[in-house]
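These questions and answers are for someone meeting the structure for the first time. They go through the sheets, the contact between the chains and the salt bridges in turn.

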Amino acid sequence: VTYSELTLHYFETAAGAGVLRGPGTCRGAAGSRTQGTWVQFDVQPGSGSIQAARFLAFGCPHTIAVSAWVVEQAIGRPVRAALPESVQELSGRFAVPIEKRGRLLIIEDAWVAALTVAMQR
Amino acid sequence: MNRPVYLDYAATTPVDPRVAAAMTQCLTLEGEFGNPASASHAFGDAAGALVEAARAQVAASVGASPEEVVWTSGATEADNLAIFGVAQYYRESGRHIVTARTEHKAVLDPCRELQRRGWRVTYLTPDSGGVIHPDQVAAALQTDTVLVSIMHVNNEIGVIQDISSIAAICAQHGGARLHVDAAQSVGKCVIDFAALGVDLMSLSAHKAYGPKGVGALLVSRSGRGQRARVQLAALQFGGGQERGLRAGTVATHQVVGMGLAFALARATPPAESERVAAMRERLWQGLAALGGALRNGNAERSVPQVLNVSFEGVEGESLLAAVRGQLAVSTGSACTSALQEPSYVLRALGRDDILSESSLRFGLGRFTTERDIDTAVEVVGRAVSRLRRVSGA
(Lines give C-alpha, C1' and ligand atoms only; values in the text may rest on other atoms or scores of the structure.)
Protein backbone atom coordinates (compact mmCIF):
# COMPACT_ATOMS: atom_id res chain seq x y z
CA VAL A 1 0.00 0.00 0.00
CA THR A 2 1.30 3.45 -0.84
CA TYR A 3 0.19 6.60 0.93
CA SER A 4 -0.05 10.20 -0.20
CA GLU A 5 2.23 12.80 1.37
CA LEU A 6 -0.76 14.29 3.16
CA THR A 7 -1.71 10.91 4.59
CA LEU A 8 1.83 10.25 5.76
CA HIS A 9 2.06 13.73 7.32
CA TYR A 10 -1.10 13.37 9.41
CA PHE A 11 -0.35 9.70 10.19
CA GLU A 12 3.10 10.52 11.45
CA THR A 13 2.23 13.65 13.41
CA ALA A 14 -1.22 12.60 14.67
CA ALA A 15 -1.26 15.92 16.45
CA GLY A 16 -4.75 15.75 17.91
CA ALA A 17 -4.43 12.30 19.44
CA GLY A 18 -5.66 11.95 22.98
CA VAL A 19 -8.73 12.57 25.10
CA LEU A 20 -10.39 15.64 26.60
CA ARG A 21 -11.54 15.77 30.18
CA GLY A 22 -14.07 17.92 31.95
CA PRO A 23 -17.85 18.24 32.20
CA GLY A 24 -18.22 19.86 28.78
CA THR A 25 -16.64 16.98 26.91
CA CYS A 26 -18.85 15.15 24.43
CA ARG A 27 -17.69 11.74 23.27
CA GLY A 28 -18.62 9.53 20.36
CA ALA A 29 -17.09 6.29 19.11
CA ALA A 30 -17.64 3.80 16.33
CA GLY A 31 -16.12 0.62 15.00
CA SER A 32 -14.43 -2.19 16.86
CA ARG A 33 -10.82 -3.01 17.67
CA THR A 34 -11.52 -6.68 17.07
CA GLN A 35 -12.81 -5.79 13.62
CA GLY A 36 -9.67 -3.78 12.91
CA THR A 37 -10.94 -0.19 13.03
CA TRP A 38 -12.09 1.83 16.00
CA VAL A 39 -12.32 5.61 16.31
CA GLN A 40 -13.28 7.88 19.22
CA PHE A 41 -13.74 11.65 19.16
CA ASP A 42 -13.93 14.02 22.12
CA VAL A 43 -15.23 17.52 21.46
CA GLN A 44 -15.78 20.49 23.73
CA PRO A 45 -18.36 22.94 22.36
CA GLY A 46 -18.73 26.51 23.52
CA SER A 47 -20.61 29.56 22.21
CA GLY A 48 -21.98 27.54 19.30
CA SER A 49 -18.64 26.37 17.97
CA ILE A 50 -16.13 23.63 18.67
CA GLN A 51 -13.51 24.84 21.12
CA ALA A 52 -11.38 21.68 21.35
CA ALA A 53 -11.30 18.22 19.79
CA ARG A 54 -9.21 15.07 20.21
CA PHE A 55 -9.27 11.60 18.73
CA LEU A 56 -8.16 8.06 19.43
CA ALA A 57 -7.86 5.66 16.53
CA PHE A 58 -7.00 2.02 16.18
CA GLY A 59 -6.70 1.43 12.49
CA CYS A 60 -4.75 1.81 9.31
CA PRO A 61 -2.70 4.93 8.42
CA HIS A 62 -5.61 6.38 6.46
CA THR A 63 -7.87 6.05 9.50
CA ILE A 64 -5.37 7.77 11.77
CA ALA A 65 -4.54 10.48 9.24
CA VAL A 66 -8.14 11.39 8.44
CA SER A 67 -9.09 11.39 12.13
CA ALA A 68 -6.19 13.72 12.90
CA TRP A 69 -7.19 16.03 10.06
CA VAL A 70 -10.82 16.10 11.18
CA VAL A 71 -10.01 17.30 14.72
CA GLU A 72 -7.57 19.87 13.36
CA GLN A 73 -10.18 21.27 10.96
CA ALA A 74 -13.00 21.17 13.48
CA ILE A 75 -11.73 23.85 15.82
CA GLY A 76 -13.87 26.99 15.51
CA ARG A 77 -16.47 25.36 13.28
CA PRO A 78 -20.17 25.41 14.19
CA VAL A 79 -21.49 22.52 16.26
CA ARG A 80 -23.28 20.38 13.73
CA ALA A 81 -23.39 16.66 13.17
CA ALA A 82 -21.34 16.49 10.00
CA LEU A 83 -17.70 16.07 9.09
CA PRO A 84 -15.79 19.15 7.85
CA GLU A 85 -15.88 17.45 4.44
CA SER A 86 -17.96 14.63 3.02
CA VAL A 87 -16.63 11.11 3.00
CA GLN A 88 -16.29 11.40 -0.75
CA GLU A 89 -14.19 14.56 -0.47
CA LEU A 90 -12.04 13.07 2.30
CA SER A 91 -11.50 10.00 0.20
CA GLY A 92 -10.15 12.14 -2.60
CA ARG A 93 -8.11 14.43 -0.37
CA PHE A 94 -6.30 11.51 1.26
CA ALA A 95 -6.29 9.20 -1.79
CA VAL A 96 -8.07 6.48 0.16
CA PRO A 97 -8.43 3.28 -1.90
CA ILE A 98 -12.00 2.36 -2.64
CA GLU A 99 -11.66 -0.86 -0.60
CA LYS A 100 -11.03 1.25 2.49
CA ARG A 101 -13.89 3.73 2.15
CA GLY A 102 -15.77 1.85 4.85
CA ARG A 103 -13.21 3.06 7.35
CA LEU A 104 -14.10 6.64 6.52
CA LEU A 105 -17.70 5.81 7.33
CA ILE A 106 -16.56 4.62 10.76
CA ILE A 107 -14.83 7.97 11.25
CA GLU A 108 -18.01 9.74 10.18
CA ASP A 109 -20.13 7.65 12.57
CA ALA A 110 -17.82 8.43 15.49
CA TRP A 111 -17.78 12.14 14.67
CA VAL A 112 -21.53 12.37 14.23
CA ALA A 113 -22.02 10.50 17.52
CA ALA A 114 -19.84 13.00 19.39
CA LEU A 115 -21.47 16.02 17.77
CA THR A 116 -24.96 14.65 18.37
CA VAL A 117 -24.18 14.57 22.08
CA ALA A 118 -22.87 18.14 21.81
CA MET A 119 -26.00 19.34 20.03
CA GLN A 120 -28.25 17.77 22.66
CA ARG A 121 -26.63 19.78 25.44
CA MET B 1 19.35 9.07 2.02
CA ASN B 2 20.13 6.21 4.38
CA ARG B 3 18.69 2.89 3.31
CA PRO B 4 16.51 1.11 5.85
CA VAL B 5 18.08 -1.61 7.96
CA TYR B 6 17.51 -4.85 6.09
CA LEU B 7 15.93 -7.52 8.27
CA ASP B 8 14.02 -9.45 5.64
CA TYR B 9 16.50 -12.21 4.84
CA ALA B 10 13.71 -14.78 4.95
CA ALA B 11 12.17 -13.06 1.93
CA THR B 12 15.39 -12.94 -0.02
CA THR B 13 19.11 -12.47 0.47
CA PRO B 14 21.64 -10.38 -1.44
CA VAL B 15 23.76 -12.40 -3.84
CA ASP B 16 27.16 -13.13 -2.37
CA PRO B 17 29.78 -11.17 -4.37
CA ARG B 18 31.70 -14.39 -5.06
CA VAL B 19 28.53 -15.91 -6.47
CA ALA B 20 27.86 -12.87 -8.64
CA ALA B 21 31.42 -13.01 -9.99
CA ALA B 22 31.09 -16.70 -10.89
CA MET B 23 27.78 -16.05 -12.62
CA THR B 24 29.14 -13.29 -14.81
CA GLN B 25 31.77 -15.72 -16.10
CA CYS B 26 28.98 -17.60 -17.84
CA LEU B 27 27.41 -14.78 -19.79
CA THR B 28 29.73 -13.12 -22.26
CA LEU B 29 31.81 -14.18 -25.25
CA GLU B 30 34.91 -14.50 -23.10
CA GLY B 31 33.12 -16.77 -20.67
CA GLU B 32 31.26 -20.09 -20.79
CA PHE B 33 28.14 -18.85 -22.56
CA GLY B 34 27.49 -22.00 -24.56
CA ASN B 35 24.34 -24.03 -24.43
CA PRO B 36 25.09 -26.79 -21.92
CA ALA B 37 23.09 -29.22 -24.06
CA SER B 38 25.24 -28.59 -27.16
CA ALA B 39 27.37 -31.69 -27.26
CA SER B 40 28.79 -30.92 -30.67
CA HIS B 41 31.41 -28.34 -29.69
CA ALA B 42 33.67 -27.13 -26.93
CA PHE B 43 31.43 -24.21 -25.92
CA GLY B 44 28.62 -26.58 -25.03
CA ASP B 45 31.00 -29.00 -23.34
CA ALA B 46 32.43 -26.26 -21.15
CA ALA B 47 29.01 -24.96 -20.13
CA GLY B 48 27.79 -28.49 -19.56
CA ALA B 49 30.75 -29.18 -17.30
CA LEU B 50 29.88 -26.11 -15.23
CA VAL B 51 26.28 -27.22 -14.94
CA GLU B 52 27.31 -30.65 -13.75
CA ALA B 53 29.82 -29.19 -11.30
CA ALA B 54 27.06 -26.98 -9.90
CA ARG B 55 24.78 -30.00 -9.68
CA ALA B 56 27.44 -31.78 -7.66
CA GLN B 57 27.85 -28.76 -5.38
CA VAL B 58 24.11 -28.58 -4.67
CA ALA B 59 23.92 -32.32 -4.11
CA ALA B 60 26.89 -32.34 -1.76
CA SER B 61 25.51 -29.49 0.31
CA VAL B 62 22.25 -31.32 1.05
CA GLY B 63 23.35 -34.95 1.22
CA ALA B 64 21.97 -35.96 -2.15
CA SER B 65 23.58 -37.48 -5.20
CA PRO B 66 24.01 -35.33 -8.32
CA GLU B 67 21.62 -37.56 -10.27
CA GLU B 68 18.87 -36.57 -7.83
CA VAL B 69 19.06 -32.84 -8.65
CA VAL B 70 16.56 -31.47 -11.18
CA TRP B 71 17.04 -27.78 -11.96
CA THR B 72 13.97 -25.55 -11.84
CA SER B 73 13.27 -21.83 -11.91
CA GLY B 74 12.89 -21.78 -8.15
CA ALA B 75 11.21 -23.49 -5.23
CA THR B 76 7.73 -22.62 -6.49
CA GLU B 77 8.29 -24.52 -9.71
CA ALA B 78 9.89 -27.36 -7.75
CA ASP B 79 6.83 -27.54 -5.49
CA ASN B 80 4.54 -27.57 -8.51
CA LEU B 81 6.56 -30.27 -10.23
CA ALA B 82 6.55 -32.42 -7.10
CA ILE B 83 2.84 -32.06 -6.33
CA PHE B 84 1.37 -32.18 -9.82
CA GLY B 85 4.02 -34.65 -10.95
CA VAL B 86 3.17 -37.16 -8.22
CA ALA B 87 -0.57 -36.58 -8.49
CA GLN B 88 -0.48 -37.18 -12.22
CA TYR B 89 1.82 -40.19 -12.14
CA TYR B 90 -0.03 -41.99 -9.32
CA ARG B 91 -3.56 -40.90 -10.24
CA GLU B 92 -4.67 -44.50 -10.67
CA SER B 93 -3.29 -45.42 -7.23
CA GLY B 94 -5.05 -42.74 -5.27
CA ARG B 95 -6.25 -39.18 -5.13
CA HIS B 96 -5.60 -38.14 -1.56
CA ILE B 97 -2.94 -35.68 -0.38
CA VAL B 98 -1.90 -34.62 3.12
CA THR B 99 -0.37 -31.22 3.79
CA ALA B 100 -0.45 -28.51 6.48
CA ARG B 101 -2.31 -25.22 6.82
CA THR B 102 1.02 -23.48 7.41
CA GLU B 103 2.62 -24.44 4.11
CA HIS B 104 3.79 -21.83 1.63
CA LYS B 105 1.31 -20.79 -1.05
CA ALA B 106 3.52 -22.60 -3.56
CA VAL B 107 2.28 -25.82 -1.96
CA LEU B 108 -1.22 -24.77 -0.89
CA ASP B 109 -2.26 -23.36 -4.25
CA PRO B 110 -1.32 -26.50 -6.23
CA CYS B 111 -3.19 -28.56 -3.64
CA ARG B 112 -6.26 -26.38 -4.03
CA GLU B 113 -6.00 -26.73 -7.79
CA LEU B 114 -5.90 -30.51 -7.42
CA GLN B 115 -9.00 -30.31 -5.22
CA ARG B 116 -10.74 -28.52 -8.06
CA ARG B 117 -9.72 -31.42 -10.29
CA GLY B 118 -11.16 -34.01 -7.93
CA TRP B 119 -8.35 -34.87 -5.51
CA ARG B 120 -9.01 -34.85 -1.76
CA VAL B 121 -6.65 -32.86 0.44
CA THR B 122 -6.28 -33.06 4.23
CA TYR B 123 -4.88 -29.86 5.74
CA LEU B 124 -3.23 -30.51 9.11
CA THR B 125 -3.46 -27.85 11.81
CA PRO B 126 -0.23 -27.32 13.78
CA ASP B 127 -0.08 -26.88 17.53
CA SER B 128 0.12 -23.35 18.92
CA GLY B 129 3.87 -23.37 18.37
CA GLY B 130 3.54 -24.20 14.69
CA VAL B 131 4.63 -27.83 14.98
CA ILE B 132 2.99 -30.61 13.00
CA HIS B 133 3.27 -33.76 15.08
CA PRO B 134 4.14 -36.95 13.18
CA ASP B 135 1.17 -38.77 14.70
CA GLN B 136 -1.08 -36.19 13.01
CA VAL B 137 0.36 -37.30 9.69
CA ALA B 138 -0.10 -40.95 10.58
CA ALA B 139 -3.74 -40.33 11.51
CA ALA B 140 -4.39 -38.44 8.28
CA LEU B 141 -3.05 -41.09 5.93
CA GLN B 142 -5.67 -43.02 4.00
CA THR B 143 -5.33 -46.11 1.87
CA ASP B 144 -5.25 -44.00 -1.28
CA THR B 145 -2.89 -41.25 -0.05
CA VAL B 146 -0.27 -40.69 -2.71
CA LEU B 147 1.51 -37.64 -1.36
CA VAL B 148 2.39 -35.94 1.92
CA SER B 149 3.83 -32.43 1.57
CA ILE B 150 5.25 -30.88 4.73
CA MET B 151 7.74 -28.03 4.75
CA HIS B 152 11.03 -28.23 6.61
CA VAL B 153 11.46 -24.65 7.90
CA ASN B 154 8.42 -22.40 7.96
CA ASN B 155 8.97 -19.14 6.10
CA GLU B 156 6.99 -16.97 8.53
CA ILE B 157 7.86 -18.36 11.94
CA GLY B 158 11.04 -20.37 11.28
CA VAL B 159 9.77 -23.52 12.98
CA ILE B 160 11.50 -26.75 11.93
CA GLN B 161 9.35 -29.82 11.39
CA ASP B 162 10.38 -33.35 12.38
CA ILE B 163 10.84 -34.54 8.81
CA SER B 164 12.65 -37.79 9.54
CA SER B 165 9.78 -39.05 11.74
CA ILE B 166 7.23 -38.05 9.14
CA ALA B 167 9.31 -39.80 6.46
CA ALA B 168 9.34 -42.98 8.53
CA ILE B 169 5.55 -42.87 8.77
CA CYS B 170 5.21 -42.38 5.03
CA ALA B 171 7.62 -45.25 4.32
CA GLN B 172 5.58 -47.51 6.58
CA HIS B 173 2.38 -46.53 4.76
CA GLY B 174 3.88 -47.64 1.49
CA GLY B 175 1.95 -45.55 -0.99
CA ALA B 176 2.47 -42.06 0.39
CA ARG B 177 5.44 -40.20 -1.09
CA LEU B 178 6.91 -37.42 1.00
CA HIS B 179 7.64 -34.03 -0.50
CA VAL B 180 9.41 -31.41 1.61
CA ASP B 181 9.56 -27.72 0.76
CA ALA B 182 13.02 -26.82 2.04
CA ALA B 183 13.23 -23.39 0.41
CA GLN B 184 14.15 -21.78 3.73
CA SER B 185 16.48 -24.49 5.02
CA VAL B 186 19.82 -24.18 3.26
CA GLY B 187 22.23 -22.06 5.25
CA LYS B 188 19.93 -22.13 8.27
CA CYS B 189 20.20 -25.77 9.27
CA VAL B 190 21.85 -28.98 8.13
CA ILE B 191 20.00 -31.02 5.53
CA ASP B 192 20.80 -34.64 4.77
CA PHE B 193 18.40 -35.65 2.02
CA ALA B 194 19.40 -39.30 2.03
CA ALA B 195 19.33 -39.70 5.79
CA LEU B 196 15.96 -37.96 6.13
CA GLY B 197 14.32 -40.52 3.88
CA VAL B 198 12.46 -37.95 1.85
CA ASP B 199 11.24 -38.66 -1.68
CA LEU B 200 11.16 -35.11 -3.03
CA MET B 201 12.64 -31.86 -1.76
CA SER B 202 12.30 -28.33 -3.13
CA LEU B 203 15.24 -25.94 -2.90
CA SER B 204 15.70 -22.25 -3.62
CA ALA B 205 18.90 -20.35 -4.38
CA HIS B 206 17.91 -16.82 -3.44
CA LYS B 207 17.22 -17.59 0.21
CA ALA B 208 20.88 -18.64 0.55
CA TYR B 209 22.79 -15.74 -1.06
CA GLY B 210 22.30 -17.13 -4.55
CA PRO B 211 20.39 -15.62 -7.46
CA LYS B 212 16.65 -15.42 -7.90
CA GLY B 213 15.14 -17.45 -10.70
CA VAL B 214 16.77 -20.79 -9.98
CA GLY B 215 16.05 -23.69 -7.67
CA ALA B 216 15.97 -27.44 -7.74
CA LEU B 217 13.80 -30.41 -7.00
CA LEU B 218 15.60 -33.33 -5.42
CA VAL B 219 14.09 -36.58 -6.65
CA SER B 220 15.19 -39.57 -4.60
CA ARG B 221 16.57 -42.52 -6.49
CA SER B 222 16.16 -44.79 -3.49
CA GLY B 223 13.13 -46.88 -2.62
CA ARG B 224 11.59 -46.67 0.85
CA GLY B 225 11.23 -50.08 2.51
CA GLN B 226 9.30 -52.28 0.13
CA ARG B 227 8.34 -49.35 -2.03
CA ALA B 228 9.93 -48.51 -5.36
CA ARG B 229 11.56 -45.12 -5.84
CA VAL B 230 9.31 -42.16 -6.52
CA GLN B 231 8.21 -41.40 -10.05
CA LEU B 232 7.00 -38.10 -11.49
CA ALA B 233 5.03 -37.09 -14.53
CA ALA B 234 6.70 -34.20 -16.35
CA LEU B 235 4.81 -30.92 -16.54
CA GLN B 236 6.60 -29.30 -19.45
CA PHE B 237 7.95 -30.68 -22.67
CA GLY B 238 10.34 -29.62 -25.36
CA GLY B 239 13.90 -30.88 -25.31
CA GLY B 240 14.04 -33.59 -22.71
CA GLN B 241 16.47 -31.79 -20.43
CA GLU B 242 16.81 -32.86 -16.80
CA ARG B 243 16.06 -36.47 -17.65
CA GLY B 244 12.80 -35.44 -19.25
CA LEU B 245 11.44 -33.94 -16.04
CA ARG B 246 12.04 -30.30 -16.85
CA ALA B 247 12.41 -29.39 -20.49
CA GLY B 248 14.19 -26.18 -21.42
CA THR B 249 17.74 -24.93 -21.77
CA VAL B 250 19.47 -24.92 -18.40
CA ALA B 251 20.54 -21.39 -17.43
CA THR B 252 24.23 -21.98 -16.83
CA HIS B 253 24.88 -18.76 -14.94
CA GLN B 254 21.93 -19.34 -12.64
CA VAL B 255 22.81 -22.89 -11.68
CA VAL B 256 26.48 -21.97 -11.30
CA GLY B 257 25.35 -19.26 -8.87
CA MET B 258 23.18 -21.69 -6.97
CA GLY B 259 25.93 -24.28 -6.79
CA LEU B 260 28.47 -21.86 -5.37
CA ALA B 261 25.96 -20.29 -2.99
CA PHE B 262 25.10 -23.71 -1.58
CA ALA B 263 28.77 -24.66 -1.32
CA LEU B 264 29.47 -21.46 0.59
CA ALA B 265 26.49 -22.10 2.86
CA ARG B 266 27.78 -25.56 3.61
CA ALA B 267 31.22 -24.15 4.42
CA THR B 268 29.83 -21.57 6.83
CA PRO B 269 31.22 -22.30 10.29
CA PRO B 270 28.84 -23.14 13.17
CA ALA B 271 29.99 -19.96 14.89
CA GLU B 272 27.99 -17.95 12.35
CA SER B 273 24.80 -19.68 13.40
CA GLU B 274 25.64 -18.96 17.03
CA ARG B 275 26.29 -15.30 16.16
CA VAL B 276 22.90 -14.98 14.49
CA ALA B 277 21.19 -16.82 17.34
CA ALA B 278 22.70 -14.38 19.84
CA MET B 279 21.46 -11.43 17.78
CA ARG B 280 17.97 -12.88 17.52
CA GLU B 281 17.91 -13.26 21.30
CA ARG B 282 19.09 -9.66 21.67
CA LEU B 283 16.30 -8.59 19.34
CA TRP B 284 13.67 -10.60 21.19
CA GLN B 285 14.78 -9.31 24.59
CA GLY B 286 14.60 -5.74 23.30
CA LEU B 287 11.12 -6.21 21.85
CA ALA B 288 9.82 -8.15 24.85
CA ALA B 289 10.80 -5.21 27.04
CA LEU B 290 8.21 -3.09 25.19
CA GLY B 291 5.46 -5.11 26.82
CA GLY B 292 2.58 -6.77 24.98
CA ALA B 293 4.98 -8.52 22.59
CA LEU B 294 4.09 -12.12 21.80
CA ARG B 295 6.56 -14.44 20.14
CA ASN B 296 5.06 -16.56 17.39
CA GLY B 297 6.27 -20.10 16.85
CA ASN B 298 8.00 -22.58 19.10
CA ALA B 299 11.30 -20.91 19.99
CA GLU B 300 12.90 -24.24 20.84
CA ARG B 301 12.14 -25.58 17.37
CA SER B 302 13.02 -22.66 15.14
CA VAL B 303 15.99 -21.58 13.08
CA PRO B 304 18.00 -18.68 14.52
CA GLN B 305 17.47 -16.48 11.46
CA VAL B 306 13.74 -15.86 11.99
CA LEU B 307 11.84 -14.06 14.74
CA ASN B 308 8.12 -13.41 14.44
CA VAL B 309 6.45 -11.16 17.01
CA SER B 310 2.89 -9.87 17.43
CA PHE B 311 2.30 -6.60 19.25
CA GLU B 312 -0.81 -6.10 21.33
CA GLY B 313 -2.75 -2.87 20.92
CA VAL B 314 -1.29 -2.09 17.51
CA GLU B 315 -2.88 -2.32 14.08
CA GLY B 316 -0.72 -4.20 11.59
CA GLU B 317 -0.82 -1.91 8.57
CA SER B 318 -0.02 1.13 10.70
CA LEU B 319 2.83 -0.70 12.40
CA LEU B 320 4.42 -1.55 9.08
CA ALA B 321 3.88 1.98 7.76
CA ALA B 322 5.45 3.44 10.89
CA VAL B 323 8.66 1.41 10.61
CA ARG B 324 9.09 1.03 6.87
CA GLY B 325 11.21 4.12 6.34
CA GLN B 326 13.89 2.80 8.67
CA LEU B 327 13.37 -0.92 8.72
CA ALA B 328 12.83 -3.52 6.00
CA VAL B 329 10.78 -6.29 7.58
CA SER B 330 7.73 -8.31 6.65
CA THR B 331 4.33 -7.95 8.19
CA GLY B 332 2.14 -10.79 9.30
CA SER B 333 -0.52 -9.72 6.90
CA ALA B 334 -0.84 -10.55 3.28
CA CYS B 335 -1.38 -7.54 1.09
CA THR B 336 -3.39 -8.85 -1.81
CA SER B 337 -5.17 -5.55 -2.36
CA ALA B 338 -5.46 -2.26 -0.54
CA LEU B 339 -6.94 -4.27 2.30
CA GLN B 340 -4.50 -6.40 4.22
CA GLU B 341 -5.46 -9.84 5.43
CA PRO B 342 -4.20 -11.57 8.55
CA SER B 343 -1.42 -14.10 8.13
CA TYR B 344 -2.96 -17.52 7.53
CA VAL B 345 0.07 -19.08 9.19
CA LEU B 346 -0.47 -17.20 12.44
CA ARG B 347 -4.22 -17.84 12.24
CA ALA B 348 -3.42 -21.56 12.00
CA LEU B 349 -1.43 -21.21 15.24
CA GLY B 350 -4.54 -19.86 16.93
CA ARG B 351 -3.73 -16.16 16.92
CA ASP B 352 -6.75 -13.93 16.40
CA ASP B 353 -7.04 -11.68 13.35
CA ILE B 354 -5.74 -8.57 15.11
CA LEU B 355 -2.63 -10.26 16.53
CA SER B 356 -2.07 -12.07 13.26
CA GLU B 357 -2.06 -8.73 11.47
CA SER B 358 0.02 -6.90 14.03
CA SER B 359 3.03 -9.14 13.67
CA LEU B 360 6.42 -8.47 12.19
CA ARG B 361 8.75 -11.10 10.81
CA PHE B 362 12.39 -10.26 11.34
CA GLY B 363 14.76 -12.17 9.08
CA LEU B 364 18.37 -12.07 10.18
CA GLY B 365 21.28 -12.97 7.97
CA ARG B 366 24.93 -13.00 7.14
CA PHE B 367 25.30 -9.23 7.07
CA THR B 368 23.14 -8.39 10.09
CA THR B 369 25.01 -6.52 12.82
CA GLU B 370 24.30 -5.80 16.47
CA ARG B 371 23.82 -2.19 15.48
CA ASP B 372 21.06 -3.28 13.07
CA ILE B 373 19.38 -5.12 15.91
CA ASP B 374 19.58 -2.15 18.25
CA THR B 375 18.18 0.11 15.53
CA ALA B 376 15.32 -2.31 14.97
CA VAL B 377 14.44 -2.38 18.66
CA GLU B 378 14.52 1.41 18.80
CA VAL B 379 12.43 1.92 15.65
CA VAL B 380 9.82 -0.69 16.55
CA GLY B 381 9.68 0.52 20.12
CA ARG B 382 9.02 4.08 19.02
CA ALA B 383 6.34 2.98 16.54
CA VAL B 384 4.55 0.68 18.96
CA SER B 385 4.53 3.31 21.73
CA ARG B 386 3.19 5.98 19.40
CA LEU B 387 0.48 3.79 17.90
CA ARG B 388 -0.63 2.61 21.33
CA ARG B 389 -0.85 6.22 22.47
CA VAL B 390 -2.87 7.17 19.37
CA SER B 391 -5.25 4.27 19.94
CA GLY B 392 -5.52 4.75 23.68
CA ALA B 393 -4.33 1.19 24.27
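**Sheets, contact and salt bridges**

In chain A, three strands make an open sheet with antiparallel pairing, in the order S1-S2-S3. The model is a predicted one.

Q: Which are the edge strands of this sheet in chain A?
A: An edge strand pairs on one side only.

Q: What is the area buried between chain B and chain A?
A: The contact takes 22 residues from chain A and 21 residues from chain B. Carbon and sulfur atoms give 59% of the buried area. That area is about 1,700 Å².

Q: How many salt bridges are there between chain B and chain A, and how far apart are the closest N and O atoms of B:Glu317 and A:Lys100?
A: Between chain B and chain A the count is two salt bridges. B:Glu317 forms a salt bridge with A:Lys100. Their closest N and O atoms are 2.7 Å apart.

Q: Which helix gives the largest share of the side of chain B that touches chain A?
A: Two helices of chain B, H10 (316-323) and H13 (370-391), each supply at least two residues of the side that touches chain A. The largest share is five residues, and it comes from H13(B).

Q: How many nonpolar residues does the side of chain B that touches chain A have?
A: By class, this side of chain B has five charged and six polar residues. The nonpolar residues number 10.

Q: In the open sheet of four strands in chain B, which are the edge strands?
A: The sheet is antiparallel, with the order S9-S10-S15-S12 in chain B. Two of its strands pair on one side only. They are strand S9 (293-296) and strand S12 (330-331) of chain B.

Q: Which residue of S10(B) stands opposite B:Arg295?
A: S9(B) and strand S10 (residues 306-311) of chain B run antiparallel, joined by four bridges. The residue opposite B:Arg295 is B:Val309.

Q: At what angle to S10(B) does helix H9 of chain B run?
A: Helix H9 (residues 270-288) of chain B lies across S9, S10 and S15 of chain B. Its angle to S10(B) is about 5°.

Q: How far apart in sequence are the parts that B:Asp8 and B:Arg361 tie together?
A: B:Asp8 and B:Arg361 form a salt bridge, with the closest N and O atoms 3.1 Å apart. B:Asp8 lies in the loop between strand S1 (5-6) and helix H1 (17-24) of chain B, and B:Arg361 in strand S15 of chain B, so the parts tied together are 353 residues apart in sequence.

Definitions and conventions
Residues are numbered from 1 along each chain as its sequence is written. Chains are lettered from A and ligands numbered from 1 in the order in which they are written. This is a predicted model: local features need pLDDT of at least 70, side-chain atom pairs count only at pLDDT 80 or more; totals for chains, interfaces and linings use all residues. Side-chain values use heavy atoms; hydrogens and water are left out. Contact means heavy atoms within 4.5 Å. Buried area is the accessible area (1.4 Å probe) that two parts lose on being put together, summed over both. A salt bridge is a side-chain nitrogen of Lys or Arg within 4 Å of a carboxyl oxygen of Asp or Glu. Ala, Val, Leu, Ile, Met, Phe, Trp, Tyr, Cys and Pro count as nonpolar, Asp, Glu, Lys and Arg as charged, and the others, Gly among them, as polar. Two strands pair if DSSP finds at least two bridges between them. Axes are lines fitted to C-alpha atoms, for helices over the stretch in contact, and angles run from 0 to 180 degrees between N-to-C directions.
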